[in-house]
Amino acid sequence: MNFTSNPLEREIKRRPRPRAPRPEQPREGSRCCGCPYWRGIPCGSCFQSLLKKPGGR
């Protein structure tokens, strides 16, 4: 039963769905530390070297 004509009322009454657990972060000082592509395992190729701009800027 809805108490108002607000279309968001149905969304408010829904039960929250459980989210997938976030992957563990890599160890501090490792090659993958701070990598935005980290998904829980080393990827084999380092994307961080591609993100760095040439010339040290």
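What you see is a predicted model, where local features need pLDDT of at least 70 and side-chain atom pairs count only at pLDDT 80 or more, while totals for chains, interfaces and linings use all residues. Residues are numbered from 1 along each chain as its sequence is written, and side-chain values use heavy atoms, with hydrogens and water left out.

First, the overall picture. Of its 57 residues, 11% are buried. Buried means under 20% relative accessible area, exposed means over 50%, and partly exposed is in between, using a 1.4 Å probe and protein chains only.

Now back to Glu9, which sits in helix α1, residues 9-13. A salt bridge needs a side-chain nitrogen of Lys or Arg within 4 Å of a carboxyl oxygen of Asp or Glu. Beyond its neighbours within four places in sequence, Glu9 is in contact (heavy atoms within 4.5 Å) with Met1, Asn2, Phe3 and Thr4.

So where is there a salt bridge? By this rule the count is 1, and it joins the side chains of Glu11 and Arg14, at 3.3 Å from N to O. Glu11 counts as partly exposed because its relative accessibility is 45%. Arg14 reaches 51%, so it counts as exposed.

Technical notes. Helices (H or I, at least four residues) and strands (E, at least two) are DSSP runs, numbered from the N terminus.
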